[in-house]
Amino acid sequence: MMKVVLITDTHVTVRGEKVRGIDPVERLDACVRAIQRLVPDADLCVMMGDNVDTPSEQEYRTFLQCLSPLKMPIRYLIGNHDDRDMFVRVSPNLPRDRDGHVQSMLQTKDGVFLFLDTGKSGEHYGDYSGVKLVWLKEQLQLAGSRPVYVFMHHPPFRTGFWNDHSMVREPEKILEVISEAGNVRHIFVGHTHRATSGSWKEITWTALHGTCYENDFELLPAKPNYRGGPAQIGILLVDGEESALHFHDILDPYPLIAYSGKSNREPQPA
Ligand SMILES: [Fe+2]
């Protein structure tokens, strides 16, 4: 079984600079400490985009520095706050496809992972068209009958939230490719700044909350206000055809109640 850590929408700035009143670097540092404590043996970490906020090269350096204590391999997605070329300049060894997009495939004994690049330079909406679709079609063909798990920053489906305005444009194109292949089991996305799950035709999906600010619960047509958010990460367990995603809030306001082995109604030790 594979253990994969999912982190999205870190919106890292330079140290000390806040985003909507939140210190994103402090939060990412706390996530890294939690990963070291909870899942130091994870096989992989996926950074799901909006890795930095502005963006700037200094922010990317800070972002990578925050992640440097992690021992597992890391794959990166591109979000609307990212700049692909800038990120590649700071981190030249990022896995990319033949056209330079930051997207790649990872074959494992438990399935095939596809990391898609939905970034569109200068735009907030997601793009998955042209040569990106050609690449995806090839990867899905290569995967054959093995289960495929897809990771992308922008959702290609609606969630009922403001972010639907900036979902992947012309989503029917990617849906056609995925449906034709028939091997995609689940899609994981960021961008929404809310933990959400649903289905899109025959495919199930999950959006992660992110570690920086969250969008308050205000459905369309409202433009949501923001909240501090729980600084949530995901811990994904994949065992071939089976998968389970655990949400873990770093800023947990609830006290731990230790299991005593006694009945719930018996007096508990103070
Ligand atoms: Fe974001």
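1. Buried means under 20% relative accessible area, exposed means over 50%, and partly exposed lies in between, with a 1.4 Å probe and protein chains only. Cysteine 45 counts as buried, at 0% relative accessibility. The residue belongs to strand E2; helices (H or I, at least four residues) and strands (E, at least two) are DSSP runs, numbered from the N terminus.

2. This is a predicted model, in which local features need pLDDT of at least 70 and side-chain atom pairs count only at pLDDT 80 or more, while totals for chains, interfaces and linings use all residues. Residues are numbered from 1 along each chain as its sequence is written, and side-chain values use heavy atoms, with hydrogens and water left out.

3. What surrounds cysteine 45? Contact means heavy atoms within 4.5 Å. With neighbours within four places in sequence set aside, cysteine 45 is in contact with Val5, Ile7, Leu70, Met72, Pro73, Ile74 and Arg75. Arginine 15 is 30 residues from cysteine 45 along the chain, and their C-alpha atoms are separated by 22 Å.

4. The metal site comes next. The iron ion is coordinated by Asp9 (OD), His11 (NE2), Asp50 (OD) and His193 (NE2), at 2.0 to 2.3 Å. Donors are N, O and S atoms within 2.8 Å of the metal (3.2 Å for Na, K and Ca); water is not among the atoms, so sites may look incomplete. The spacing of the donor residues in sequence is D-x1-H-x38-D-x142-H. Aspartate 9, in the loop between strand E1 (2–7) and helix H1 (24–38), and aspartate 50, in the loop between strand E2 (44–47) and helix H2 (57–67), are 41 residues apart, and this pair links distant parts of the chain. Aspartate 9 is buried, with a relative accessible area of 0%, and aspartate 50 is buried too, at 2%.

5. The geometry of the iron site is irregular, with angles of 87 to 177° among its 4 donor atoms. Four donors count as tetrahedral if all angles lie between 85 and 135 degrees; four count as square planar and six as octahedral if opposite donors are over 155 degrees apart and all others between 65 and 115; anything else is irregular.

6. Some backbone values deserve a check. Most residues other than glycine have a negative phi, and most peptide bonds are trans. Histidine 11 has a positive phi, near 45°; this residue lies in the loop between E1 and H1 and is buried, at 0% relative accessible area. Glutamate 170 also has a positive phi, of about 45°, and sits in the loop between E6 and H5. Is glutamate 170 buried or partly exposed? At 41% relative accessibility, glutamate 170 counts as partly exposed.

7. Two cis peptide bonds should be noted. The bond from threonine 54 to proline 55 is cis, with omega near -5°, and proline 55 is in the loop between E2 and H2. Leucine 220 and proline 221 are also joined by a cis peptide bond, with omega about 15°; proline 221 is in the loop between strand E10 (214–215) and strand E11 (226–227).

8. An open sheet of 6 strands has the order E4-E5-E6-E7-E9-E8, with mixed pairing. Two strands pair if DSSP finds at least two bridges between them. Strand E4 (104–108) and strand E8 (196–200) are the edge strands, and each pairs on one side only. Strand E6 (residues 148–152) and strand E7 (residues 184–189) run parallel and are joined by 5 bridges. The bridge partner in E7 of tyrosine 149 is histidine 186, and that of valine 150 is isoleucine 187. E7 is largely enclosed by the rest of the structure, because 5 of its 6 residues are buried.

9. Glutamine 103 is in the loop between helix H3 (84–90) and E4, and is buried, with a relative accessible area of 1%. Its side chain makes a polar contact with the side chain of aspartate 97 (2.8 Å). A polar contact is a pair of N or O atoms within 3.5 Å; within protein, one must be able to donate a hydrogen and the other to accept it, and residues adjacent in sequence count only if both atoms are side-chain atoms. The side chain of glutamine 103 also reaches the backbone nitrogen of aspartate 117 at 3.2 Å. Beyond its neighbours within four places in sequence, glutamine 103 is in contact with residues including Phe115, Tyr128 and Trp135.
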